[in-house]
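This note is written for a colleague who is meeting the structure for the first time. Please read the points below with the sequence and the model at hand.

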Amino acid sequence: MKFDSLHIADPILRALKDEGYVTPTPIQAQTIPIALNGKDILATAQTGTGKTAAFAIPILQVLSEAKTTGNKRKIRSLVLVPTRELCVQVGDSFKAYGRHLHLVSTVIFGGVRQGAQTRALQKGVDILIATPGRLHDLIDQGFVSLKDIEIFVLDEADRMLDMGFINDVRKVVKALPDDRQTLFFSATMPPDISRLAHDILFKPEKISVSPPSSTVETIEQYVLHVDRNNKSALLLHMLDRKELKSVLVFTRTKRGADAVVRILERAHVRADSIHGNKAQNARQRALENFKSGKIRVLVATDIASRGIDIDDLEYVINYEIPEVPETYVHRIGRGGRAGGKGTSYSFCDASERIDLRTIEKLIGKKIPVMEDHPFPPGTVRPPRPGQLHSNHPPQKPKEHTKEAAKTEEQKRGIQKFTPRRSKKRRR
Ligand code: AMP
C-alpha cells in the first residue's frame with residue numbers, strides 16, 4: 001500500500017515525499033482512514049511505530065479543509081504528551097508534514113520561560129502540542145482556551161499515568177467540548193488507562209499494532225562493555241572491519257557527534273555529522289553523501305535522526321547508550337529496514353549500565369555481550385601522539401562570571417517561587 005491510496009490531500013502527500021516516506025506503517029494505514037472519517041480511536045501502539053504521523057496527518061487534513069470564521073486563529077486541535085522531549089518531536093512532525101499548508105502549530109512545555117510560548121499563542125494557533133503542567137498554567141493565566149477543540153489526541157497515555165499526570169489529563173478533558181473527536185494512544189493498556197479511555201472516548205474503533213521491539217527482532221544486537229575513554233579506540237577498531245561499509249553512529253549530544261567526527265577524520269575515516277545545530281542544507285548534504293557512499297560514517301543525534309530513512313543500512317553503533325529506552329529501539333530500527341538484515345553494536349560504560357538494563361526490560365530480552373574486543377573495562381590505553389586521550393570534547397575552564405554563577409534551574413529559566421511578605425501587611 002502507498003500513501004496515495006489513503007485519500008490524503010496533495011500538500012500533505014508532497015510533504016511525506018519530502019520526508020522520504022512512501023509506504024504507510026501499519027498504525028498509519030489503520031488509523032488515517034478512520035480518523036479522516038471523524039471517529040474516535042483507541043490505539044495500542046508504541047513509539048517507533050510511526051504513530052505521530054498516524055494522528056498528525058488526519059489532523060492536518062481535517063483542519064486545512066474546514067472553513068474557519070473570524071480572523072484570529074482558534075486552537076482547533078490539542079495533542080497532549082507526557083514529556084518535553086516528545087512535545088518537541090511531535091511539534092517537529094506537525095511542522096514537517098504540514099509544511100505545504102497554512103496551518104500554525106506550536107508547542108508548550110514546562111522547564112523554560114513561558115514568554116516565547118505565550119507570544120506564539122497570542123499570534124494565533126490552530127494546533128497546540130502541550131505537556132499537562134504548562135498547559136494548565138497557561139489556561140489559568142488566560143492564554144489558552146480549549147473551547148474550540150475539534151480533535152483531541154492523548155499520546156502515550158500509559159506514560160502519563162506513570163508520571164503521575166492522570167488527574168491533570170482528566171482536568172484537561174473536562175475543559176474540552178463534548179462534541180469533539182478523540183484519538184487515544186497508549187503503548188500498554190493497564191486497567192487505569194482502559195478506564196480513562198472508556199470515560200473519554202465515544203464508540204472508539206480499536207487498533208493495535210505490534211510493538212517495535214518485535215519489529216527489530218530481525219536485527220542482531222550486541223553490547224560491548226568499554227570504559228568511556230576507550231570508546232573512540234573501540235570505534236576505530238570496529239571500523240577496521242571492511243564489511244562495515246556504511247555505519248550510522250549515535251551520540252547523545254551535538255558536541256559529542258562533532259567530537260566523534262573529528263576523531264574519525266584524524267584516523268582518515270570519511271565521516272560527517274547530522275544534528276540540530278547544523279543548517280538543514282548541511283544536514284541534507286551529509287545525508288546524501290552518506291547514502292551515496294561518499295562518506296562511510298554518519299554520526300547523528302537522536303532528534304536529527306528522525307526521518308532518516310536509509311535503504312540497505314546494515315550497521316548502527318550506539319556510541320552512547322540512550323537514556324530513553326524507546327530511543328534505542330528507534331536507533332537500531334534505522335538498520336535492517338524493510339525486513340533487511342541489520343546489526344547494532346552498543347558501547348556501554350559503567351555509568352550507562354542502568355540505562356542498558358531499562359532498555360533490556362523494554363525489549364524483553366538481554367542483549368548479548370560481545371566480549372571479543374581489545375578494550376574491555378579496565379584496559380589502559382596509552383594516548384596516541386596528537387590524539388585526545390578522552391573522547392570528550394575539551395571542556396572550557398569554568399568561568400567566574402554571572403552566567404556561570406547561575407544555578408542550573410536559573411539557566412533553564414525555571415523560576416522558583418520565593419514567598420515574600422507584603423510590605424503593606426507588615427505595617
Ligand atoms: P514515531 O513512532 O511517530 O515516533 O515514528 C518513528 C519514526 O519513524 C520516526 O523517525 C519517523 O520519522 C519515522 N516514520 C514515520 N512514518 C514513516 C513512514 N511511513 N515511512 C518511513 N518512516 C516513517
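The numbered points below cover helices, salt bridges, a cavity, aromatic pairs and backbone angles.

1. Basis of the note. The model is predicted, so local features are taken at pLDDT of at least 70 and side-chain atom pairs only at pLDDT 80 or more, while totals for chains, interfaces and linings use all residues. Residues are numbered from 1 along each chain as its sequence is written, and side-chain values use heavy atoms, with hydrogens and water left out.

2. Helix 3. Helices and strands here are DSSP runs numbered from the N terminus (helices H or I with at least four residues, strands E with at least two). Helix 3, residues 51–65, has 15 residues and reaches 22 Å from its first C-alpha to its last, close to the expected 21 Å; the expected span is 1.5 Å times one less than the number of residues. Of these 15 residues, 12 are buried, where buried means under 20% relative accessible area, exposed over 50% and partly exposed in between, with a 1.4 Å probe and protein chains only. Among the buried residues of helix 3 are Lys51, Phe55 and Leu63.

3. Salt bridge at Lys51. A salt bridge is counted where a side-chain nitrogen of Lys or Arg lies within 4 Å of a carboxyl oxygen of Asp or Glu, and by this rule the structure has 19 salt bridges. One of them joins glutamate 156 to lysine 51, with the closest N and O atoms 3.2 Å apart. Glutamate 156 lies in the loop between strand 5 (151–154) and helix 7 (157–162) and lysine 51 in helix 3, so the bridge ties together parts 105 residues apart in sequence. Both partners are buried: glutamate 156 has a relative accessible area of 6%, and lysine 51 one of 3%. Lys51 and Glu156 also belong to a salt-bridge network with Asp155 and Arg159.

4. Two further salt bridges. Aspartate 349 and lysine 231 meet through their side chains at 3.9 Å, N to O. Aspartate 349 lies in the loop between strand 13 and helix 16 (353–363) and lysine 231 in helix 11 (residues 231–239), so this pair ties together parts 118 residues apart in sequence. Aspartate 349 is buried at 3% relative accessibility, and lysine 231 is buried at 1%. Within helix 1 (residues 10–19), aspartate 10 and arginine 14 are 4 residues apart, or about one helical turn, and their side chains form a salt bridge at 3.6 Å, N to O. Here aspartate 10 is partly exposed at 48%, as is arginine 14 at 39%.

5. Largest cavity. Which residues line the largest cavity? They are Thr47, Thr83, Glu85, Leu86, Gln89, Glu156, Arg159, Val324, Glu326, Thr327 and His330. A cavity is a set of points on a 1 Å grid over the protein atoms alone where a 1.4 Å probe fits but cannot get out, and lining residues have an atom within 4 Å of a point. Helix 4 (84–97) and helix 15 each supply at least two of the lining residues. Leu86 and Gln89 are among the buried residues of helix 4.

6. Aromatic pairs. Rings of Phe, Tyr and Trp (its six-membered ring) pair if their centres lie within 6.5 Å; planes under 30 degrees apart count as stacked, over 60 as edge-to-face and the rest as tilted. The whole structure has 6 aromatic pairs. In one of them, the ring centres of tyrosine 319 and phenylalanine 347 are 6.0 Å apart and the planes are at 50°, so the pair is tilted. Tyrosine 319 is buried at 3% relative accessibility, and phenylalanine 347 is buried at 0%. Phe55, Phe94 and Phe185 form one aromatic cluster.

7. Positive phi angles. Most residues other than glycine have a negative phi. Lysine 203 has a positive phi near 40°; this residue lies in the loop between helix 9 (191–200) and strand 7 (205–208) and is exposed at 66%. Histidine 268 has a positive phi of about 65°; this residue is found in the loop between helix 12 (254–266) and strand 10 (271–274) and is exposed at 73%.

Conventions: On a 1 Å grid over the protein atoms alone, a cavity is a set of points where a 1.4 Å probe fits but cannot get out, and a pocket is an open set with protein on both sides within 12 Å along at least five of seven lines; lining residues have an atom within 4 Å of a point.
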